[in-house]
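Please keep the sequence and the three-dimensional view at hand while reading.

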Amino acid sequence: MPLTILVVDDDPGTRLAISDYLEMAGYSVITAADGQQGLDMVETYRPHLMVTDIVMPRMNGYQLVRSVRQHPSFRLLPVIFLTERNKTEERIQGYQSGADLYLPKPFELQELGAAIRNLLERSQMIQSEYRLSQEEGLRPQTTATAIGEKLDLPFHLTQREQEVLVMLTHGLSNAQIGSHLHLSPRTVEKYVSNLLRKTETNNRAELVGYAMKHRLVE
């Protein structure tokens, strides 16, 4: 069966252009006209990837992604922000909300297609490795000291890094993690960067997949 992609945008022309292109590429495409409808469709259709605008009625893109990440089933759902809001602070907010990629409008459909293929391939690989690790029955390690020693990983995590990692796997944004741990979002971002460096992963989705595969979290 073809992979399903959800396109969320309040502009009908944008939805149609992306849908036509992706359907020609062999994907199954569903669309939503605002963030609330997009959230409902994520829960109903369980797409493999979501492309969403930011400025939309009822629920904006930031709120949509944060809501999606609160569902354990969708913690690894690849998300692409496609928007005219392209200031640095807006891109940072997008990544902190849980997006995997931020593409500014206007955009080339070929670039969007390439980004989607890349994220889907990584997502499928992570999920496959996670299922394999479950079948192998690896025991979870619950302390930062045990990580690296008992699994023969080339690193160990500090207690704070472990706490940040657990919250990342629950789909929390930097601001939410900071609120729980009484840290600034900038400090949380430094811990996330350390985790990415230590695990040699490229983004949060890969980091969460790595943590699940190696049972770094319960």
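The points below are grouped by topic, from the whole chain to single residues.

The model described here is predicted. Its protein chain contains 10 helices and 5 strands. Of the 218 residues in the chain, 48% count as buried.

- Among contacts between residues at least 6 apart in sequence, 61% join residues at least 24 apart.
- The chain exposes about 11,100 Å², and carbon and sulfur atoms supply 49% of that area.

- The 5 strands form an open sheet in the order 2-1-3-4-5, with parallel pairing.
- Strand 2 and strand 5 stand at the edges with a single partner strand each, so one side of each has no neighbour in the sheet.
- On average, neighbouring strands of this sheet are turned by 20° against each other, direction ignored.
- Strand 1 and strand 3 are paired in the parallel sense over 4 bridges, and L6 stands opposite M50 of strand 3.
- Strand 3 also pairs with strand 4 in the parallel sense, over 3 bridges; here T52 has F81 of strand 4 as its bridge partner.
- F81 in turn stands opposite Y102 in strand 5, and strand 4 and strand 5 pair in the parallel sense over 4 bridges.
- Strand 3 is covered on both faces: L49 and V51 are buried on one side, and M50 and T52 are buried on the other.

- Helix 3 spans residues 61-69 and is mostly covered, with 7 of its 9 residues buried.
- Its buried residues are G61, Y62, L64, V65, S67, V68 and R69.
- These buried residues pack against strand 1, strand 3, strand 4 and strand 5, and also against helix 2 and helix 4.
- The N-terminal end of helix 3 is capped by N60, which has a side-chain oxygen 3.0 Å from the backbone nitrogen of Y62.

**Helix 2**

- The buried residues of helix 2 include G35, G38, L39, M41 and V42.
- Seen down the helix axis, the buried residues of helix 2 fall within an arc of 165°, so they line one face of the helix.
- An α-helix has 3.6 residues a turn, so residues three or four places apart point the same way.
- The buried residues of helix 2 pack against strand 1, strand 2, strand 3 and helix 3.
- At the start of helix 2, a side-chain oxygen of D34 comes within 3.1 Å of the backbone nitrogen of Q36.
- R46 follows helix 2 and has a positive phi, near 50°.

**Loop residues and backbone geometry**

- Most residues other than glycine have a negative phi, and most peptide bonds are trans.
- R58, in the loop between strand 3 and helix 3, has a positive phi near 70°.
- The relative accessible area of R58 is 62%, above the 50% cut-off, and R58 therefore counts as exposed.
- E200 also has a positive phi, near 55°, and is placed in the loop between helix 9 and helix 10.
- With a relative accessible area of 72%, E200 is exposed.
- The peptide bond from K105 to P106 is cis, with omega near -5°; P106 is in the loop between strand 5 and helix 5.

**A buried loop residue**

- S173 is located in the loop between helix 7 and helix 8.
- Its relative accessibility is 4%, which lies under the 20% cut-off, so S173 counts as buried.
- Apart from its neighbours within four places in sequence, S173 is in contact with R66, Q96 and S97.

Methods:
Residues numbered from 1 in each chain as written. Predicted model: local features only at pLDDT ≥ 70, side-chain atom pairs only at ≥ 80, totals over all residues. Heavy atoms only, no water. Buried < 20%, exposed > 50% of the residue type's maximum accessible area, 1.4 Å probe, protein only. Helix = DSSP H or I, 4+ residues; strand = E, 2+ residues; numbered from the N terminus. Contact = heavy atoms within 4.5 Å. Polar contact = N/O pair within 3.5 Å; in protein donor to acceptor, adjacent residues only side chain to side chain. Areas by Shrake-Rupley, 256 points an atom, 1.4 Å probe, with all protein chains shown as cover. Arc of directions from axis to C-beta. Pairing = 2+ DSSP bridges. Axes fitted to C-alpha atoms, helices over the stretch in contact; angles between N-to-C directions.
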